[in-house]
Structures are given as C-alpha cells and as structure tokens.
Amino acid sequence: MNHPLIIGYDAKRIVRNGTGLGSYGRTLVNDIAADDSLQLRLYAPDEGRDDLRNQILSRQNISFCYPAHSIMPFHKATWRTKGIVQDLRHDEVQLFHGLSGELPLGIRKNGIKSIVTIHDLIFLRHPEFYNWIDTKIYAWKFRQTIREADHIIAVSECTKRDIIALGQVDERRISVIYQSCAPRFSVSPSQREEEKPSRYILSVGSIEARKNILLAVKALPYLPEDICLVIVGRHTKYTDEVTAYAKANGLDHRVRILHGVSDEELPALYAGAEAFVYPSFYEGFGIPIIEAISCGLPVVACTGSCLEEAGGPDSLYVAPDDAEGMANAIRQSLRGAEGREQRILRSREYIRRFEGRDVASQVIDLYHNLL
C-alpha cells in the first residue's frame, strides 16, 4: 500500500490576507487537494480570520497546524522563520512549499525538501515604492530563501527573469507556473447584474502609488461624461492623493472608491463593469486581470512588466504615463466599440492556461519530481 505524500505549506497568508498572496494560496491548495494521494498540512502562526480560513475546502486530506503552545506576536514571527522546522520534522513532512516568497531557516539542513513561490521582486526593481527598511528586510529574506530552496516557482516569465538577474539563480532551478484565479470569477455574460453607477470602468487592487490608478482618473476627461471609475482596494495615503486630484479637477462625481468589498460581492462588481483597467507600473503577475477576463471584461493595462503575459495579445496596453493613450484604449473597450466582443472571446480562450486544475497538476508534478 502506497503511503500518501505529506506536503507542508506556509499558510500565514491563507488565513490573514483577503487578496493577493492569500488568494493564491487558498486557490492553489483547494485545487491540489483534489489529489487524494497527498496529505496537505497548512502551517499558520494562528487561526487568522474565520472567513478566510473557511474558504479552504473541508477535506480529509487537508489539516491546519498551529504552534503547540500559545505564543506572543513576536514569537509567532520567529516560529514561522525558524521554529516551524521542528514541527515539520515531527509531522514527517516530506516537502514544504513556501507560498509567499519565504522559507524557514534551516529547512535544507534538516533534510526537508522545499519549494518556494516567488511572486515578484518589485522591492529590488523599484525600491522607491517601499520604505527603506522594508526593502532591506525583503532583500535579506529573498537571499536566505533562494539559498534554502531546492526549487523555485516563478509566477511569470517576467519574475523568472528578475530572479535570475537579481538573485544570480541558475534558471534550471526555476519553473514558471502561472497563478490561477478562484472559480467564482467564471461568470458568464448572461449572469451580469447592473450596478450603480450605470456605466463604469473598474480597477481592483491596493490603492498605492505603484498601482498608478491616478492614470485612469486622468483619462476620464477624454471619455464620455457618463463613464465613471470604480476603484476597489485598501485605503492608503495614495488614496488621499487620488481623491484630492479628482476633486481639484472636477472629477470627484465620476470616481467612486470602495473599501472592504467582500469576496462574495467582487464578482458582481466585475460583471457590471464595461471594462477593467490595471495601470500598474510593475507587477509580478496581475491576477485581477485574469479575474476580469473570466468575468467577460476587456482589459486595459500598462506596459513595462508582466501584464502582457497575464492579459494576452487581445488586451490593450499603454505606457504608464500616457493618460490620452489610456483613454483611447478604454474607449475601444466600451460596449458597442468595434471588435470588443471578439477580443473578449479570444482573451477568455487565452486565459484557459491559468485554469486551476491545470496549474495544480503542474505543481503536483514538480512535487513528485523533487521527491
């Protein structure tokens, strides 16, 4: 009788992050769990948020693992950085997958195989978007992690190039396996619901300078007066800059910013929009683009990183400082624009490569090859 392989995961982001790294971990684990030959152990410093933890499917081959004793916040960080290795050995974990760019120190020395997913190296490419001390911490963690890892997953060819260039890593240690989006975003056009405002373009993501949503605000004067911009994301100082610009230029009635949108509400916001805009300066992948296309939206994004990989050849791309170019691309994406529906269909065909089961099978193959 074959014994199941025991795979451990860094689950901190799974139980704490509503989007981004959390979504990546939850979607991937749920898809991998369909393989009953694997036992998945999710290691987190605490239970985190109930609503996020409960998005993990209830299956016999999935279990959450926490520190044996109650620990203080500082010790939670040290447990995840180093102390977790003893728990992995005790639980006979054969392979550990760091889902968010980190691995515990000493995992290689303790004979446990490891894989790490690296989403981006923006803190090295564009340190101007981070606090100085954060860039130093992230850079140190990156150097430690690539020394510990037996293999690295890059979520895009762009990220792979960055790992090779900035980490001097042999490309044979890196596999590009794209990120998939949660199945709830696969909404057919017939299921669309009308939202208020009646006509709007949508952007989803943390509202920070690197995401460059101000470019979409600056494009509004070149668009029909009844087109509004709905921005969904976490409030930051940059949010205040965006709202101040909109008010100073008489655009505040056309810009709506939404915080705290639930996972259940988000697909309906996608489905009610006419187009999706993602004007980020630099990304490791850009999962909101996949979500938008899954919901039947045309996408306008910016050049300069990996967004062309995510959106494919039938999305439209402009320079990250070109407001008129952004407006022209949005205009070509509004309902009734020539070729819009054909581009949407081709884009939906393109993103089939990011479907969850296909992504999961690639990761599982990597596990077996490494073991």
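I start with a cut-off: buried means under 20% relative accessible area. I looked up aspartate 314 against it, and at 18% this residue is buried. The model I am reading is predicted.

**Confidence**

I checked the pLDDT next. The chain has a mean of 92, and 94% of its residues reach 70 or more. Residues 187–195 fall below 50, yet this stretch has 19 contacts in the model beyond near neighbours in sequence. Where pLDDT is low, the predicted coordinates should not be read in detail.

**The seven-strand sheet**

I traced an open sheet of seven strands in the order S3-S2-S1-S4-S5-S6-S7, with parallel pairing. Which strands stand at the edges? I found S3 (62–65) and S7 (174–176) there; each has a single partner strand, so one side of each lacks a neighbour in the sheet. From one strand to the next the twist averages 25°.

I then looked inside the sheet. Four bridges pair S4 (residues 95–98) with S5 (residues 113–118) in the parallel sense. Histidine 97 has isoleucine 115 in S5 as its bridge partner. Helix H7 (residues 157–167) packs on the sheet and touches S5, S6 (151–154) and S7. The direction of H7 makes about 165° with that of S7.

I moved to S11 (residues 275–278). Ala275 and Val277 point one way, Phe276 and Tyr278 the other, and all are buried. In a regular strand the side chains alternate between the two faces of the sheet.

S11 runs parallel to S8 (residues 200–204), joined by two bridges. Isoleucine 201 stands opposite alanine 275 here. S11 also runs parallel to S12 (residues 299–302), with three bridges between them. Tyrosine 278 faces alanine 301 of S12 in this pairing. I noted a right-handed β-α-β unit made of S11, helix H11 (residues 287–294) and S12.

**Glutamine 179**

Buried or exposed: which is glutamine 179? It counts as buried, at 6% relative accessibility. I placed glutamine 179 in the loop between S7 and S8. Leaving out residues up to four places away in sequence, glutamine 179 touches Gly20, Tyr24, His119, Val155, Phe285, Ile287 and Phe354.

**Salt bridges**

I have a count of 23 salt bridges. One of them joins arginine 80 to aspartate 10, with the closest N and O atoms 2.8 Å apart. Arginine 80 is in helix H4 (residues 73–90) and aspartate 10 in strand S1 (residues 5–10), so this pair ties together parts 70 residues apart in sequence. Arginine 80 is buried at 11% relative accessibility, and aspartate 10 is buried at 6%.

I looked at arginine 199 and aspartate 226 too; their closest N and O atoms are 3.1 Å apart. Arginine 199 is partly exposed at 23%, and aspartate 226 is partly exposed at 39%.

Back to aspartate 314: its side chain meets that of arginine 346 in a salt bridge (2.8 Å, N to O). Aspartate 314 lies in the loop between H12 (307–311) and S13 (316–318), and arginine 346 in helix H14 (residues 340–350), so the pair ties together parts 32 residues apart in sequence. Arginine 346 is partly exposed, at 43%. I also found one network, joined by salt bridges that share partners: Glu208, Arg210, Lys211, Arg234 and Glu283.

**Glutamate 324**

My last entry is in helix H13 (residues 323–331), where glutamate 324 is found. Its relative accessible area is 47%, so glutamate 324 is partly exposed.

Note on methods. Residues are numbered from 1 along each chain as its sequence is written. This is a predicted model: local features need pLDDT of at least 70, side-chain atom pairs count only at pLDDT 80 or more; totals for chains, interfaces and linings use all residues. Side-chain values use heavy atoms; hydrogens and water are left out. Buried means under 20% relative accessible area, exposed over 50%, partly exposed in between (1.4 Å probe, protein chains only). Two strands pair if DSSP finds at least two bridges between them. A crossover is right-handed if, with the strands pointing away from the viewer, the path from the first strand over the helix to the second runs clockwise. Axes are lines fitted to C-alpha atoms, for helices over the stretch in contact, and angles run from 0 to 180 degrees between N-to-C directions. Contact means heavy atoms within 4.5 Å. pLDDT is the predictor's confidence in each residue, from 0 to 100. A salt bridge is a side-chain nitrogen of Lys or Arg within 4 Å of a carboxyl oxygen of Asp or Glu.
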